[in-house]
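Thanks for making the time, everyone.

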Amino acid sequence: MADHRNFEVPRDYALPLQDRLQRPLRDLRISVTDRCNLRCTYCMPREVFDDNHPHLARNALLTFEEIERLARLFVSLGVNKIRLTGGEPLLRRGIERLVEKLARLQTPDGAAPEIALTTNAVLLARKAQALKDAGLNRVTVSLDGLSDATFRRMSDSDVPVSAVLAGIEAAQAAGLKPVKVNMVVKRGVNEHEIAAMAAHFRHSGIVLRFIEYMDVGSSNGWRMDDVVPAREILDRIAKSFPLQQLDANYSGEVAERWRYADGGGEIGVIASVTQAFCHACSRARLSTDGKLHNCLFASDGLDLRGPLRDGAGDGTLANLIADSWSKRDDRYSQLRHTASAGTHSKVEMFYIGG
Ligand code: SAM
Ligand code: SF4
Ligand code: SF4
């Protein structure tokens, strides 16, 4: 059994690790399952992901111990924020045990990394407290509408919105603050609920963020016409509730922050399509089966599970990660509308972690 305590940063790389565009490696998103209890049309359309869809075999998934080991290396290399995602991360049995392991990691300056989770919240009401107790810091809930009819159109499921709202309440009650809610806006499908969502979450302490529908993966039949630009979303909200822009919390923050002029709280917009933020993107993604992806739109990733299971030492694994990041020059969203973005196939979001 290798001793991971003696791991040192590979000599050739100074911290923070920087890619070719001088972007540091700060965030790690870990997809813990490729399964989901919803079938959002923009992510896992049921026509493609039906009952016959082959999910990853159990032994293809990284175990919690394997995730912990890789996460420890990422944290040693400068990552200070880990987000668990999927698929639906709460479907991974015993997820709180993984949270517990990750919450014990330490950055090179001795701090604990922030541990966050993105979830559709269908199972959150019964798990929020255990997750908090295990050391989870924050949770982001995806909710694309307030009426059952709209939610059904977006998620292609019969789950009632009340179940998601109960999950949000439980997260707040457990002290997973601030809870953020993400709404993907799709033209003609849920855009009519933008103002209702804003009204619902004002004065709640919850930060509602509107996300432009993206062309991730190859299954959702994305068209630019389906995107409601962030600017338009803000204009619509401002008609009912005047807004004032806020400064970013930190460099590289993807959401543009706004607050209600009357003190009703904060909202955000994530304009990944109309205002790409690749210049500050500090995120790496670890897929369910242990591949490292340096961009959400990458067509393939670097296999870490193979070397890990073949007995590679920490130094070797860290070198693989550092080497991959140092060669990174991805900036798909910035190039989306140019010929160089190309038509290469992209991996699905639920697999590499949204
Ligand atoms: N199942 C969890 C959930 O939905 O919160 C976590 C995984 S999901 C892939 C992560 C986030 O990606 C969600 O907030 C979802 O709305 C977002 N997402 C998925 N496909 C998207 C797309 N095509 N455009 C924009 N956001 C997308
Ligand atoms: Fe599932 Fe999340 Fe994808 Fe919706 S966005 S299908 S909840 S993984
Ligand atoms: Fe980061 Fe790639 Fe998204 Fe740009 S397109 S913000 S590089 S994940």
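I115 is placed in strand 3, where helices (H or I, at least four residues) and strands (E, at least two) are DSSP runs numbered from the N terminus. At 0% relative accessibility, I115 counts as buried, a word that means under 20% relative accessible area, with exposed over 50% and partly exposed in between (1.4 Å probe, protein chains only). Its C-alpha atom is separated by 7.6 Å from that of G135, 20 residues apart along the chain.

Before I go further, please keep in mind that this is a predicted model, in which local features need pLDDT of at least 70 and side-chain atom pairs count only at pLDDT 80 or more, while totals for chains, interfaces and linings use all residues. Residues are numbered from 1 along each chain as its sequence is written, chains are lettered from A and ligands numbered from 1 in the order in which they are written, and side-chain values use heavy atoms, with hydrogens and water left out.

Next, N80 belongs to the loop between helix 1 and strand 2 (81–85), and with a relative accessible area of 36% N80 is partly exposed. E191, in the loop between strand 5 and helix 6 (194–201), is buried at a relative accessible area of 14%. What does the side chain of E191 reach? It comes to 2.7 Å from the backbone nitrogen of G188, and a polar contact of 3.1 Å joins the side chains of E191 and R187; a polar contact is a pair of N or O atoms within 3.5 Å, where within protein one must be able to donate a hydrogen and the other to accept it, and residues adjacent in sequence count only if both atoms are side-chain atoms.

Turning to the rings, the structure holds 3 aromatic pairs, and rings of Phe, Tyr and Trp (its six-membered ring) pair if their centres lie within 6.5 Å, with planes under 30 degrees apart counted as stacked, over 60 as edge-to-face and the rest as tilted. One of them joins Y42 and Y213, whose centres are 6.5 Å apart with planes at 65 degrees, so this pair is edge-to-face. Y42 lies in the loop between strand 1 (27–31) and helix 1 (64–76), and Y213 in the loop between strand 6 and helix 7 (230–240), so the pair ties together parts that are 171 residues apart in sequence. Both Y42 and Y213 are buried.

For F241 and Y260, the ring centres are 5.7 Å apart and the planes stand at 80 degrees, so this pair is edge-to-face. Both F241 and Y260 are buried, and the charged end of R202 sits over the ring of Y260, 4.7 Å from its centre, the criterion being NZ of Lys or CZ of Arg within 6 Å of the ring centre and within 35 degrees of the ring normal.

Finally, the ligands. How many residues surround ligand 1? There are 20, the closest being G87, S142, V184, M214 and M349, where a residue is near a molecule if one of its heavy atoms lies within 4 Å of it. A polar side-chain atom of S142 lies 2.5 Å from an oxygen atom of ligand 1, whereas a backbone N or O atom of M214 lies 2.8 Å from a nitrogen atom of ligand 1. Around ligand 2 the residues are C36, L38, C40, Y42, C43, M44, G87 and N120.
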